[in-house]
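Student: I would like to go through the backbone and surface of this model. Could we take one topic at a time?
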Amino acid sequence: MTTTPINLLSEEQLAEISSGKHWSFHGGIHPQENKQQSSKAIIKDAGIPPFLVIAVEQKGESPLLLVNIGDSVLKGQALTKATDVMVVQNASSSGTVTAIEKRTDLHPSGLPVLSVVIATDGLDRSVEYSRCADYKAQTNTQLIEKIQNAGIIGLGGAGFPTHLKLAHYAAIKLLIINAVECEPYITADDRLMQEHGDEIIDGITVLQHILKPQLIVIAIEDNKPDAIAAIKRALQKKQSSQSANIIIRTIATHYPSGSEKQLIEIITGQQTPIGKHPSELGIVMHNVGTVFAIKEAIIDGKPLTSRIVTLTGEAFRKKGNVSVRIGTPIQYLLDKYEFTPTASQKLIIGGPMMGFSITHGDVPVTKTCNCIVAPTLQEMPESPPEMPCIRCGECAEVCPAQLLPQQLLWYANSKDNSKLDEYNLSSCIECGACAFVCPSHIPLVQYYRIAKAEISSAKQQAEKAEIARIRFEHRAARLQQAKLDRQVKHKQAAEKRKQQLQETNGGEDLIAAAIARAKAKKQATADPSDAPADNKKDAVAAAIARAKAKKQAAAEHSDAPADNKKDAVAAAIARAKAKKQAAAEHSDAPADNKKDAVAAAIARAKAKKQQALESTQINTEINPENSAAIAARKARKEQARLHKRQDLPAQIIDTTIAEPQTIDTTIKASDDKKTKIAAAIAKAKAKKIAQKDQ
Amino acid sequence: MAFISSSSPYQRVRRSTSEIMLLVLLCLIPGIFLQSYFFGLGNLLQILLASTVALLSETLILILRKRPILSTIKDGSALLTGVLIAIAIPPLAPWWIAVIGTVFAVIFVKQLYGGLGQNIFNPAMAAYVLLLISFPVQMTTWIPVQSLHPFSLTVMDQINALFTGFTLDGYSVAQISTSIDGLTMATPLDTARNALNSGKTISEIFNSPEYKASSWQAIEWVNLGFLIGGLILLYKRVILWYIPIAFLAGISIFSFIAFAYNPDLNISPLFHLFSGATMLGAFFILTDPVTASTTVKGRIFYGVLAALIVVVIRNIGGYPDALAFAVLLANMCVPFIDYYTQPKVYGRGR
Amino acid sequence: MLINIAIAIFTLGILGAIFGAILGYSSLRFKVKSDPIVEELDAILPQTQCGQCGYPGCKPYAQAIANGEDINKCPPGGDAVMRQLAERMGIEPKNLEGEEKPKLIAFIREDQCIGCTKCIQACPVDAIIGATRQMHTVITDECTGCALCVDPCPTDCIDMVPVVLTTQNWQWDLNLIPTKNSTER
């Protein structure tokens, strides 16, 4: 999907950039770098841990798994299937899948996500990698698919799937390779560039082939002279035709220059408009580590199975950069590199400015984990107690997004979401510069994160509420329509009943007449004779009607005399039902909403009348439990109808009558269901009793 | 094992609010030193008195409000308020002037609004205005420069004068503040104001015996002292340049306009800059971050607004100096200024 | 003296008549036909359609509020919604009637469902699907947590369960982190 670029970089701007001009951004800070601790030693292999935990969930979505518990897997084997947005997750060493379950993720929340656990066999056997020297013969689609299958996501931190970023290839004018690494302590990219300069340049040429930008800028902070030299050497080795439009831009060390938006401003002088993607300016940015992974995926055919992690901080005896298999438990690294916990030990994933702390080591290294800092208390003392904001404005001076953190704090504390929005909280990149300089030691970023989370959940809730409102209104409209339909039918029924009353002796009450009509309508074959009915109404009579109904359910044609005070309606219904049974064992009730509604009502009746039944029931049924229940339902239904819905049209009563039979037959057909329903009824009975006891 | 969980960032600049307040206090020293050099040790006594009262009243109100005491006292804001009040009042004002002012500033203007960071008015200036309006005589009884004293005042004299109103020799403060030639002592701004009201021109005033008798040179030196302290604050980045520069530039420009319009009736920009509380206000009072505007543009506007009010009141209004009024009026406008001077956020276009 | 009083009364009377006429005219001239406030109030309400306010849905409650009903009868909306209503109606916030509970959603224990469809009918937002004698299930995304389906169930197989916490809906928990809020609370 390519969007129409609104404001592409012009030729003049590109010329300006390549002429060596660069810009700056607002604010920023100069924290202690502490990079030399880890930048000197060469990258070592962290080895194969006894087991790997590979999180497969991506942004909360579980992909289709391609392995099962017990399967043996090879290094590089795909564990999941790619979708449009999701990349493939590959096994990072050979072994056996021992579990597919939720395991703690490398996430500030420490919540579990679906993971594949592999017990490694130590052999590190891999699938066969197919080298591809001539990638230029392949189409972009093929190459991007390869990158997706290699499981490559942005290795700089945010972990945005790389294939999605590459899909914008049509409009890209400027490709920026982000090798800034502005966070203190982290040297993973620095070491990578020093040791794999050639591969990185190869990776850049792959991207050059896919994106065809007019200019490629490799941005490196000036505190990495060795890396700059290595990249320069590697670039000079390339043919001039390929490296002609690749330039290396050394930028001043200035946190957070490695943030995408700030780096774009440094390189181009342009600010990415709010709500727009840099690709709309014709700019795309890739992390240098990602470029290296792309090279391995395209040219060597190797999927992303490991990454370089900086282990640093004074609590690590052996500091440096190691190549770690994705899914390696951090505890394994802590043990192997002689981590010695000190008082109030923290463990920080990522850098000290934007990283997050984890509370235990039983979490796996993920693709975005570029650094583990284990600082001593001397290195990173605990934050002093928070003091009130004095609005000194230092935070606004350093904010790279030009926000007013002091005002945002005020509104975040008062939970004034509309004000937070007005002050553009959403533009906060959580770089931590404000909290870094705050003399009152206010954890501003933390407050903003919470406020952002609250705003987004409020937004979600508002959206959900809107959907709920629409659904509610649709439902109300539907019910209204159904009611109107019923009224129309009722009217028709009433008219026909009038006719019938003229034909017969007349004097019946409305419902009895309706039932009679219903009977006439439903039973094409049955004779339209009407049983006499008493007008005396009484609850006891209803019970007897129920008993009668039960008998009818058992397919008896007996017409119980309505000797006690009897509800005429009940009797009529019972009769109608009996006649109906005689006519057609399996009546086909229309399967519409109305029917559902009636069926439900019957079921309710069944449940609620169960108790009453027990005393009055006559055991004449073949299937006592069911028929009793059905009779109870029916009786209850009738009562309900009498009390509440005098105007219920005949058709519905018809259906009602038809219903128990259907239930019967279904029950008979399916023993399974029968027992289930029996169980449910028992339960309902219990509920009813309990209610009565109360 | 379990590790400590906490929020990023994990690195911080080690400067704290208390240190900022301490630096501000330290930078007041040159001005205070010059004040006591010219006017005797009265101001030091007032500082001692006012800071003690400030800390006591802060403690009291924190107990009543059930807030942590030690950590709040440590922020140094009450101390600074006390010191600023002490500097602003006449050195030999009666002891209850400083006490009333400080108690009002700390308890009513600051703590009852919710404590540090919540008050909308500058506590020291609100207290000053209260005192000026309630006790105009005591608040305008300035003693002459020591060299002009008809009597020599010892420390004990001054302490006595402060607490009883009389020196050990039995002279009243009013008597002390009468200089050798029998003229009542006043600040240069006061003198200029009175003379203008009686129909004199500026050049006449500057040549008049009243003016020469006033402590204008001493006041200029004191202003210079505060300017030096302020520049150190700027250098140390304790305060940002926006407000002081905007305020001083505003004073210069507005007073120049008035001066150019009628040099006979309006005092010169230079006189404005180095008289009254101009420098103290520019660097130590207007820059109080809690009550000042918080945006860059807003701060410049705030400084200019205060300057305008100061010049207008000094030139036209009924009071000789106007800094306290200007600060309070500007404080009132802060929410409005802040709202309309929000910076353009990244990506909102330039 | 008397004439002065008479003049004052007369003047005030004239003024009263003039302003009364103006007010009377404008109330006719600028009369708002439909009452948009109901829509606005409805938009504030959480649309759970739970009926805890005593009205059959959020819209009827919004209508009732517009007609002077109390604004504190919506426990699902909680304090936040009550305050918004107060602001919109220009009245003082009140204490919430009933207590604010964490958001729950309905969950049908499917092995116990007999397919009675009662819950389907009870659901105000059609968030339960199923057919007669077929197992029913709740569309979790659509469920508003109104709990209206719980009581009609003959087999008590519907539970109200909390929304599962995942890394996607997790919110930065301040309690997790040792910070304190020293500003006014």
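This is a predicted model: local features need pLDDT of at least 70, side-chain atom pairs count only at pLDDT 80 or more; totals for chains, interfaces and linings use all residues.

Student: Where is K66(B) found?
Tutor: K66(B) sits in the loop between helix 3 (42-65) and helix 4 (70-73) of chain B. Its phi is near 55 degrees, a positive value in a residue other than glycine.

Student: Which phi does H441(A) have?
Tutor: H441(A) has a positive phi of about 55 degrees, although it is not a glycine. Its place is in the loop between helix 15 (433-437) and helix 16 of chain A.

Student: Is H441(A) buried or exposed?
Tutor: H441(A) counts as buried because its relative accessible area is 7%, and the cut-off for buried is under 20%.

Student: Now peptide bonds. What is the bond from Y255(A) to P256(A)?
Tutor: That bond is cis, with omega near -5 degrees. P256(A) lies in the loop between strand 8 (246-251) and helix 9 (260-268) of chain A.

Student: And the one from S8(B) to P9(B)?
Tutor: The S8(B) to P9(B) bond is cis, with omega near -5 degrees. P9(B) belongs to the segment before helix 1 (17-27) of chain B.

Student: How accessible is K521(A)?
Tutor: K521(A), in helix 17 of chain A, counts as partly exposed at 46% relative accessibility.

Technical notes. Residues are numbered from 1 along each chain as its sequence is written. Chains are lettered from A and ligands numbered from 1 in the order in which they are written. Side-chain values use heavy atoms; hydrogens and water are left out. Helices (H or I, at least four residues) and strands (E, at least two) are DSSP runs, numbered from the N terminus. Buried means under 20% relative accessible area, exposed over 50%, partly exposed in between (1.4 Å probe, protein chains only).
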